[in-house]
Amino acid sequence: MYDIQVSVFEEGYVFTSYGDFKYLRDAVVAADSIRRYDTKRPIALFCSENHARKLDELGLRGVFTEVGNLRP
């Protein structure tokens with residue numbers, strides 16, 4: 001159902017992003033803020049293909065531990 005390899009973690013963070021790019025920006029900012037204080041737990045993003053491409057264009061995919069495709 002999802003295009004992602006699932007890793008097993010006891011705790012972590014999950015964000016979703018689709019539609020206007022401001023929602024992707026908000027997810028990136030939130031993940032960056034979390035990473036300042038929590039360097040161990042993973043941060044996953046499920047997003048539209050447009051948002052995944054934008055992450056790649058901006059070189060920001062590494063902000064998230066996992067990026068999955070959120071299908072309509």
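In the predicted model, Leu24 is part of helix H1. Leu24 has a relative accessible area of 5% and is therefore buried, the cut-off for this class being under 20%. Leaving aside residues up to four places away in sequence, the contacts of Leu24 are with Ser17, Leu45, His51, Lys54 and Leu55. The C-alpha atom of Leu24 is separated by 9.1 Å from that of Ala52, a residue 28 positions away along the chain.

For helix H1 (residues 21–37) and helix H2 (residues 49–58), the axes come within 10 Å and the crossing angle is roughly 55°. H1 and H2 are therefore oblique to each other, since angles of 65 to 115 degrees would be needed for a roughly perpendicular pair and angles under 35 degrees for a roughly parallel one. The crossing of H1 past H2 is right-handed. On the H1 side the contact is formed by Phe21, Leu24 and Val28, and on the H2 side by Asn50, His51, Lys54 and Leu55. By class, four of the residues in this contact are nonpolar, two are polar and one is charged.

Within H2, the buried residues are His51, Ala52 and Leu55. Viewed down the axis of H2, these residues fall within an arc of 105°, so they line one face of the helix. An α-helix has 3.6 residues a turn, so residues three or four places apart point the same way. The buried residues of H2 pack against H1 and also against strand E1 (13–17), strand E2 (43–47) and strand E3 (66–69). Just after H2, Gly59 adopts a positive phi of about 70°.

For the protein as a whole, the model contains two helices and three strands. Read from the N terminus, the order of these elements is β-α-β-α-β. Of the 72 residues, 29% count as buried. Among contacts with a sequence separation of 6 or more, 61% are between residues 24 or more positions apart.

Terms used
Residues numbered from 1 in each chain as written. Predicted model: local features only at pLDDT ≥ 70, side-chain atom pairs only at ≥ 80, totals over all residues. Heavy atoms only, no water. Axes fitted to C-alpha atoms, helices over the stretch in contact; angles between N-to-C directions. Helix = DSSP H or I, 4+ residues; strand = E, 2+ residues; numbered from the N terminus. Parallel < 35°, antiparallel > 145°, perpendicular 65-115°, else oblique. Left-handed = near helix turned anticlockwise from the far one by under 90°. Contact = heavy atoms within 4.5 Å. Nonpolar A, V, L, I, M, F, W, Y, C, P; charged D, E, K, R; others polar. Buried < 20%, exposed > 50% of the residue type's maximum accessible area, 1.4 Å probe, protein only. Arc of directions from axis to C-beta.
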